[in-house]
Amino acid sequence: MSTAIRYHYTALPFTQVTIDDSFWSPRIETNRAVTVGYDFQKSEETGRLTNFDKAAGHMAGAHEGIFFNDSDVFKIIEGAAYALHLHPDPALDHYLDELIERIAAAQEPDGYLYTARTIAERNGTPEILQADREGPSRWSHLLVSHELYNIGHLYEGAVAHYQATGKRRLLDVALKSANLVDEVFGPDKRRDVPGHQEIEMGLVKLYRVTGDERYLRLAKFFLDERGHYYHGRQPYGNHGDPAYTQDHLPVTEQDEALGHAVRAVYMYSGMADVAALTGEQAYIDALGRIWDNVVSKKLYLTGGIGARHHGEAFGSNYELPNATAYNETCAAIANVFWNQRMFQLHGDAKYIDVLERSLYNGFLPGIAFSGDRFFYVNPLEFDGTYKFNRDNSFVRMPWFNCSCCPTNVVRVFPSLGGYLYAQGNAPGNDQGNGAGGERLYVNLFMGSQTTVDVAGTAVQITQETNYPWDGAIKLTLQPATATNFTLCLRIPGWAQGQPVPSDLYHYIDAIPESATITVNGMAVALTVQQGYATISRTWQSGDVVELMLPMPVRRVECHPAVQDNVGKVALARGPLVYCAEGVDNGGHVLNATLLDTATLATELVPDLLHGVVVIRAQQPLGNLTFVPYYAWAQRGVGEMTVWLQRGTA
Ligand SMILES: [Zn+2]
């Protein structure tokens, strides 16, 4: 495997980080012990797995379910592979080997893999393939067929399985597929774009694992093809709107997040990958404009994105309704992917601020503590009756007809270790050969351990914390020999008076406390550059760094252009956004008012919602209790709101 292909700021892979954390470890374990097997079982029940057997000719019958269901299986394999790496499991290992054989058998001899078409042709019923779904012939209707979307997820799953197990079987299936795509598509070959972006990220992973530049070029080709109708392509497909698939302009000319949110943000992620690896300035510029647009005009306080139910799409600027917010769980996951890549491009903590917000408040509500119930849609307000979730429901569902979200969450938990630490060089010191040139970044706060090579020395780092419940973070460094490098500790925007890196939200009240750092008990001056406190020194084994992030309850106000939030206030503490639920507040919260004069107290309640810090507001109007938004809707059906009327009297 190639290790030479690095980003300028490279995250340590999850395989190098062990998480041992009271907040996240139970969720990672539930994902491994429940969700992985549950998702495979659901896939078996719904024909997702037997579609591969039918395509292979090992079973009779028509394709079952949606034409992009193959992708769900590839995503579960990706998550299962990560889980397998963290926790050896011979039964799961064996199950994956057998499943991969079923998938390999479904691949046509030239590398084509798309069960919906292969089954129809094998059954002699190609006429059932519809132009507005599968497409009548190979690659004929890419904007709707999801042929390239499916195999993009194959590539990600294959790389994960290879990295987790060292086995090449699925990787070889993926490479055979990618080689076919490379034979068919290119500047002098077939020119078209996938209707649902995903293959771009998958191809970059194939490039990074093989070093074969064809895959990187192909990823860039699919990105550069967007928005060029002069190839004779018409704006057909879903909703008849080219912006739905971000095909309205060349990617380098885009400056506003438009259309289907998951498509869009998978595309931005692919662009950031390509930009980080090639330095493509036009991509970097476009991504900067689009990111500013999202963070200043289209981001929910929860880190959710994609405001509209219609088209699962971004709304207009400042269109952020609460009760009808769509906020697909997959879109929050995509936002985590994108911001990780933006960090890897720029080395700026503001991207991790957004990532953290989306991870704790956008992604996490999508899955119940039990690991087998899911929100596809994540509103910020609920009246107890509106069926906001998919498939006509308002509770977390066991599965969906379109189950992209339950199969996406399964790959996030076990790969979380890959978001904690990163390496890079000081700006202007690309060779990393100057004094203090090497930088070690601490991006997220979770109990964890890693060993990283810094300037040729193995450095073990142990992180201890009760985050997100308190802001004390202790790092113990154990370099094999004393060594000089710069430790960069992220000082979150929320700890510097800014909930998001824009004017979309702001804290109503200033607080006097600020973050502090000690090294071996001695206070060090805090200088923050690009969101990081940097400490350059010769580190000795046993050095202890303690970071203290004050975590008072903060009142948040929204930009006045967001109509739904005018006159309203929300509560946040540290990285967490809070909500009021009926169950804690006498049944009703939608008409509640929170006075500026209310006293806000916190209390750790160990037996509530697997242990949460609740916020209690004491005021003459009647007291209110708030719980973290990620934990809502786990105690029956009832009213909920993140934003409350603000009482300034
Ligand atoms: Zn989804």
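**Backbone geometry, sheets and overall form of a predicted model**

At a relative accessibility of 6%, W139 counts as buried, where buried means under 20% relative accessible area, exposed over 50% and partly exposed in between (1.4 Å probe, protein chains only). The structure is a predicted model, in which local features need pLDDT of at least 70 and side-chain atom pairs count only at pLDDT 80 or more, while totals for chains, interfaces and linings use all residues. Residues are numbered from 1 along each chain as its sequence is written, and side-chain values use heavy atoms, with hydrogens and water left out.

W139 lies in the loop between α5 (115-122) and α6 (142-145), helices (H or I, at least four residues) and strands (E, at least two) being DSSP runs numbered from the N terminus. Although W139 is not a glycine, its phi is positive, at about 65 degrees. Most residues other than glycine have a negative phi, and most peptide bonds are trans. A positive phi of about 65 degrees is also found at H610, again not a glycine, which is placed in the loop between β20 and β21; H610 is exposed, with a relative accessible area of 64%. In this hairpin, which has 6 residues between the strands, L609 takes a positive phi near 50 degrees. The peptide bond from Y467 to P468 is cis, with omega near 5 degrees, and P468 belongs to the loop between β7 (457-465) and β8 (472-479).

Strands β20 (residues 599-605) and β21 (residues 612-618) run antiparallel and are joined by 7 bridges, two strands being taken as paired if DSSP finds at least two bridges between them. The bridge partner of A601 in β21 is R616. An open sheet of 6 strands, with mixed pairing, has the order β1-β4-β5-β9-β14-β13. Its edges are formed by β1 (10-11) and β13 (528-529), each with a single partner strand, so one side of each is left without a neighbour in the sheet. Within this order, β5 (residues 438-442) and β9 (residues 483-490) pair in the parallel sense over 4 bridges, and Y441 stands opposite C488 in β9.

Overall, the secondary structure of the protein comes to 15 helices and 24 strands. The radius of gyration is 24 Å, close to the 26 Å that the globule rule gives for 649 residues, so the protein is as compact as a globular protein of that length; the radius is taken over C-alpha atoms, and the rule is 2.2 Å times the number of residues to the power 0.38. Buried residues make up 62% of the 649 residues.
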